[in-house]
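Please keep the structure in view while reading, and look for each named part as it comes up.

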Amino acid sequence: SNIEPQDVQNALNIITTTSPSYPLLANIEGTIEFLHSAKGKKELSELVSNIFALIRNLKQIPNIDVYCDNNDITKILVKILNVSGFDLSNLLFDKYNIEDELANEKSVLFVTGIGTTKAKFKKLEKALIDV
């Protein structure tokens, strides 16, 4: 059976709104306040240090390429010679319990944030070197 576009629009109109989501706005404001606090700045600084340490250590491994020259250093793209991104993603998940953000034929994308501890960076580094 065919569905009329107007029927879809009518259904969407029931559940959507143009009003802002106040819980979402409150969360964003809280995040901004945290990032401007001494604790937030310290955690952000530690995150950046951990990212640079991971990149520096991985770039020393001959068969690993790390791409991080973008506007968001929290996103790290990794390619391992002769290993597809899909295979790397599956291996990291199955053997090391590490989940990536996105994989393709050639590489795997990792997204980091304040919740990414130094121990998690070390675990990822060790797993990539093992592979």
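Helix H2 (22-36) and helix H3 (residues 38-58) are roughly perpendicular to each other, because they pack at an angle of about 80 degrees, and angles from 65 to 115 degrees count as roughly perpendicular. The model is a predicted one, and the values given below are computed from it.

**Helix H3 and its contact with H2**

- The axes of H2 and H3 are 4 Å apart where the two helices pack, and the contact is made by Phe34, Leu35 and His36 on the side of H2, together with Ala38, Lys39, Gly40, Lys41, Glu43 and Leu44 on the side of H3.
- Sorted by class, the residues in this contact of H2 with H3 are four nonpolar, two polar and three charged.

- Which residues of H3 are buried? They are Gly40, Leu47, Asn50, Ile51, Leu54, Ile55, Asn57 and Leu58, and what covers the buried residues of H3 includes H2, strand E1 (64-67), strand E2 (75-80) and H5.
- An α-helix has 3.6 residues a turn, so residues three or four places apart point the same way.
- The axes of H3 and helix H5 (residues 118-130) come within 10 Å and cross at roughly 15 degrees, which makes H3 roughly parallel to H5, because angles under 35 degrees count as roughly parallel.
- H3 passes H5 in a right-handed crossing, and there Leu47, Asn50, Ile51, Leu54, Asn57 and Leu58 of H3 meet Lys118, Phe121, Lys122, Leu124, Glu125, Leu128 and Ile129 of H5.
- By class, this contact of H3 with H5 holds eight nonpolar, two polar and three charged residues.

**Helices H4 and H5**

- Helix H4 (85-96) packs against H5 at an angle of about 120 degrees, with the two axes 11 Å apart, which makes H4 oblique to H5.
- H4 passes H5 in a right-handed crossing, where Leu88, Leu92 and Tyr96 of H4 meet Lys123, Ala127, Leu128 and Asp130 of H5.
- The residues of this contact of H4 with H5 divide into five nonpolar, no polar and two charged.

- Valine 78 has its place in strand E2, and with a relative accessible area of 1% it is buried, because buried means under 20% relative accessible area.
- Not counting residues up to four places away in sequence, valine 78 touches Ile64, Asp65, Leu88, Ser107, Val108, Phe110 and Leu128.
- Valine 78 and glutamine 6 are 72 residues apart in sequence, and they lie 45 Å apart in space, C-alpha to C-alpha.
- Serine 107 is found in the loop between strand E3 (102-103) and strand E4 (108-111), and at 8% relative accessibility serine 107 also counts as buried.
- Serine 107 touches Leu77, Val78, Lys79, Gly85 and Leu102, again not counting residues up to four places away in sequence.

**Residues in other loops**

- Leaving aside its neighbours within four places in sequence, isoleucine 114 is in contact with Phe34, Leu35, Glu43, Leu44 and Leu47.
- Asparagine 82, found in the loop between E2 and H4, is exposed, with a relative accessible area of 78%, and its phi is near 65 degrees, a positive value in a residue other than glycine.
- Asparagine 97 has its place in the loop between H4 and E3, where it counts as exposed at 60% relative accessibility, and its phi, near 55 degrees, is likewise a positive value in a residue other than glycine.

Key
Residues numbered from 1 in each chain as written. Predicted model: local features only at pLDDT ≥ 70, side-chain atom pairs only at ≥ 80, totals over all residues. Heavy atoms only, no water. Axes fitted to C-alpha atoms, helices over the stretch in contact; angles between N-to-C directions. Parallel < 35°, antiparallel > 145°, perpendicular 65-115°, else oblique. Left-handed = near helix turned anticlockwise from the far one by under 90°. Contact = heavy atoms within 4.5 Å. Nonpolar A, V, L, I, M, F, W, Y, C, P; charged D, E, K, R; others polar. Buried < 20%, exposed > 50% of the residue type's maximum accessible area, 1.4 Å probe, protein only.
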